[in-house]
Amino acid sequence: MPESELWITRIFNDYLPGLGNRALELVGMHPEPRPWADFVVMQIVVVVSLMVVFAVLRRRLSPDRPGGLQHTFEMFYEFVRGQAEGQIGHEGTRYVVFFGTIFIFILTCNLIGLVPAFESPTGNPSVTCGCAIATFLYYNLLGVQTHGLKYILHFMGPKWWLAPLMFPIEIVSHIARPLSLTIRLYANMFAGEQVTLVFLRMTYFLVPVVFMGLHVFVGAVQAYIFMLLTMSYVGGSVAHEH
Amino acid sequence: MKKLFTLLALMLLASSLLCAQTPGSAAAVPLLSNAFAMAIASGLCGLAQGKAIASAVEGMARNPGAAGAIQLAMLIGLAFVESLALYTLLIVFLGK
């Protein structure tokens with residue numbers, strides 16, 4: 001079945017199929033005639049546009065006369081840092097880099113689907129799974145970095161004789177975390193898209209705009225929840241008890 | 001409690017009626033089960049969200065100064081419960 005492509009994906013597939021196939025071969029997959037998928041190209045678009053915005057911001061940073069862009073990003077930064085300090089405590093400021101990146105990346109990915117001729121990369125489970133695995137690796141590696149090999153004691157529970165019971169429970173609960181992060185973000189974006197399409201099929205004019213407005217709100221809230229849960233997991237793994 | 005038992009008895013009766021269908025109509029079973037699954041998920045999700053909003057509004061009425069924090073907590077809680085109903089919708093869409 002010929003699948004429809006976005007105009008950018010068509011440009012990538014027409015002019016750069018060799019690059020896509022080389023990337024596929026790097027991970028051991030077979031080369032295909034049109035290797036670039038919609039969500040891959042959309043992620044590249046999001047990353048490039050964010051880098052352009054931040055490059056422009058960097059040149060315009062000024063302590064004396066801050067412009068509108070600087071105010072906006074100061075607001076973002078204060079928000080993320082305030083949340084991190086609320087969740088993790090005083091050390092939260094060290095990890096604001098990752099939290100801010102996740103928040104802004106997922107927020108932009110969610111919102112770019114509303115622009116005509118673009119598609120939300122987070123409407124594909126592979127993208128959300130990537131973000132969830134990044135979070136999983138980040139908080140576990142931070143735990144190992146903070147506690148050394150004693151990080152494994154976190155999975156053992158409060159008493160030593162509870163360890164054989166607690167260890168499988170903790171492992172299952174830790175595996176459920178990236179799974180729930182993936183499915184939550186994917187289902188919210190996918191359902192928002194489908195609901196808009198269903199209403200577009202029923203009433204051909206103007207009514208789906210209401211659902212697109214709801215999708216803006218839902219996208220922002222889901223990006224915030226992803227960041228909040230990341231902070232909560234990082235807080236749990238770097239916590240210094242007693 | 002009696003209402004719950006009545007509801008359960010009616011559901012069992014309905015499922016026995018479903019099993020008495022002729023084999024040709026087996027293709028409609030996924031559609032029916034999808035509808036029931038979504039109805040149960042949405043109904044329970046509605047109850048849970050109603051409880052969350054009720055306590056949030058009562059908290060805001062008792063302590064208007066904390067209204068901002070309560071509103072934020074309410075929105076986060078609503079988003080979590082909404083996700084649970086959306087998992088069921090995902091299964092419905094993936095099953096088709």
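Among contacts in chain A between residues at least 6 apart in sequence, what percentage join residues at least 24 apart? I got 62%, counting two residues as in contact if their C-beta atoms, placed from the backbone, lie within 7 Å.

**Ground rules.** I noted that this is a predicted model, where local features need pLDDT of at least 70, side-chain atom pairs count only at pLDDT 80 or more, and totals for chains, interfaces and linings use all residues. Residues are numbered from 1 along each chain as its sequence is written, while chains are lettered from A and ligands numbered from 1 in the order in which they are written.

**Overall layout.** I looked up the secondary structure of chain A and found 8 helices and 0 strands. Helices (H or I, at least four residues) and strands (E, at least two) are DSSP runs, numbered from the N terminus. Chain B comes out with 3 helices and 0 strands.

**Burial.** I call a residue buried if 20 or more other C-beta atoms lie within 10 Å of its own, exposed if 12 or fewer, and partly exposed in between. Of the 242 residues in chain A, 27% are buried; for the 96 residues of chain B I have 5%. Helix α2 (residues 17–26) of chain A is hardly covered, with 0 buried residues among its 10.

**The core.** I then went to the largest nonpolar core, which has 41 residues. Such a core is a set of buried Ala, Val, Leu, Ile, Met, Phe, Trp, Tyr and Cys residues joined through C-beta atoms within 7 Å. The members touching the most others are A:Phe99, A:Ile102, A:Phe103, A:Ile106, A:Phe226 and A:Met227. Helices that each supply at least two residues include α5 (96–112) of chain A and α3 (67–95) of chain B. The largest share, 9 residues, comes from α8(A).

**Helix α5(A).** I checked its span: 17 residues reach 24 Å from first C-alpha to last, close to the 24 Å expected at 1.5 Å a residue, taken as 1.5 Å times one less than the number of residues. Its buried residues pack against α3, α4, α6, α7 and α8 of chain A. A:Ile102 is one of those buried residues, and beyond four places away in sequence A:Ile102 touches A:Cys131, A:Thr135, A:Phe226, A:Met227 and A:Thr230.

**A:Met42.** This residue sits in helix α3 of chain A. Why do I list A:Met42 as buried? Because A:Met42 has 24 other C-beta atoms within 10 Å. The C-alpha of A:Met42 is 9.5 Å from that of A:Thr122, 80 residues away along the chain.

Most residues other than glycine have a negative phi. I found A:Ala117 with a positive phi near 70 degrees, in the loop between α5 and α6 of chain A. A:Ala117 counts as exposed because it has 7 C-beta neighbours inside 10 Å. A:Leu206 has a positive phi near 65 degrees and lies in the loop between α7 and α8 of chain A.

**Where the chains meet.** Last entry: 9 residues of chain B are in contact with 10 residues of chain A.
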